[in-house]
Amino acid sequence: MAEKIKQEHSPNCGLDIGTGNIVSARKTGTGVETRRVRDAFLELPVDAKKMLKLANVSYVERSEELLILGDAAMDTANIFGREARRPLSAGLVSSSDIDAMEILALLIKNVLGEPQKPGEHCYFSVPAAPVDRPGQDVIYHRGVLEKIVRECGYTPTAGNEAMAIIYAETAKENFSGIGLSFGAGMTNVALAMNTIEGLSFSVGRGGDWIDNGAAKSIGSTASRICAIKEKGVDLNAPAGRDQEAITFYYRNLIEYAIDQIALQFMAIQGKFSLPRPVPIIVSGGTSKAGGFLDLFKAVFEKKRKRFPIEVSEVRAASDPLNAVANGLLIQAMQED
């Protein structure tokens with residue numbers, strides 16, 4: 001039987017660094033406090049300063065331009081019909097964007113704040129290597145994030161993104177299950193039994209893949225499709241051409257993720273046994289679309305007979321946007 005996870009007060013923190021959002025989680029006297037910032041930025045000319053001050057939009061001034069960070073960057077991009085830039089590309093630090101590390105450091109410092117004690121432990125999320133991108137690893141990505149977190153005054157430890165969901169959501173199953181993190185850049189998957197990781201991987205499809213695919217299909221922009229998603233889409237009853245295109249891509253993403261779980265598990269089936277059925281926990285910002293859980297269940301039921309893992313139930317994380325940060329916090333608290 002796995003050792004019970006301690007829940008007492010700890011100054012340590014969890015940090016989910018995603019392509020779409022960066023979320024920190026910290027234990028307080030009354031519960032868990034989370035802070036979020038959108039992982040995006042937009043450049044504007046310096047002469048836009050007065051307009052931004054008037055609209056009470058925060059910005060960073062740099063040489064001959066202004067940088068708008070977070071949610072304000074996405075909102076401004078939609079107003080001007082532009083695409084906001086991301087420090088992360090497809091789930092990893094962008095190798096083609098020279099501003100990526102500087103912007104990422106600003107955003108991470110924004111949600112972390114100052115450590116409550118010298119060398120405070122911070123568990124930060126790292127995706128597993130993508131199985132559908134041969135030759136790509138996460139070594140550089142993990143190193144960059146570790147450096148940034150350390151420069152913020154913390155003792156950094158990398159934690160698997162999907163395993164964090166299992167820590168956050170499966171205490172009643174003795175920390176056993178399949179965690180799926182449907183993020184913006186990737187979909188991460190982990191399988192564990194009694195806290196022991198048996199399988200982890202990622203696929204290079206997520207919310208951005210949906211946005212880009214749907215936008216190209218109907219002649220729109222990814223920012224506009226993302227805005228439609230976040231305003232509210234019912235995947236079981238899409239209204240209009242835009243939402244219908246979004247639904248098609250959501251269904252394909254779910255089918256692809258389930259098929260990949262089956263393939264990856266069959267490859268290790270003789271090395272990792274499951275003595276009992278386990279739950280599937282779906283989480284992540286992309287899973288917050290209306291009707292996502294129902295659509296996932298419908299797709300899974302069609303594949304259940306040939307799925308090589310016995311599943312007890314399919315459920316959504318109690319807090320899909322914050323589940324990874326909460327799971328990392330639970331791990332960080334063990335340091336004390």
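Reply: First, a term: helices (H or I, at least four residues) and strands (E, at least two) are DSSP runs, numbered from the N terminus. This is a predicted model, where local features need pLDDT of at least 70, side-chain atom pairs count only at pLDDT 80 or more, and totals for chains, interfaces and linings use all residues. Residues are numbered from 1 along each chain as its sequence is written, and side-chain values use heavy atoms, with hydrogens and water left out.

On to your pocket (on a 1 Å grid over the protein atoms alone, an open set of points where a 1.4 Å probe fits, with protein on both sides within 12 Å along at least five of seven lines; lining residues have an atom within 4 Å of a point). The second largest pocket holds about 340 Å³ of space, the volume being the space filled by probe spheres set on the points, which are joined across faces, edges and corners. Its lining has 18 residues, and Ala84, Arg86, Asp208, Asn212 and Ala222 sit nearest the centre. Two or more lining residues come from each of β7 (88–89), α6 and α7. The top contributor is α6, with 4 residues. By class, the lining splits into 8 nonpolar, 5 polar and 5 charged (Ala, Val, Leu, Ile, Met, Phe, Trp, Tyr, Cys and Pro count as nonpolar, Asp, Glu, Lys and Arg as charged, and the others, Gly among them, as polar).

Both helices turn up elsewhere too: α6 (207–218) and α7 each supply at least two residues to the lining of the largest pocket, which has about 620 Å³ of space.
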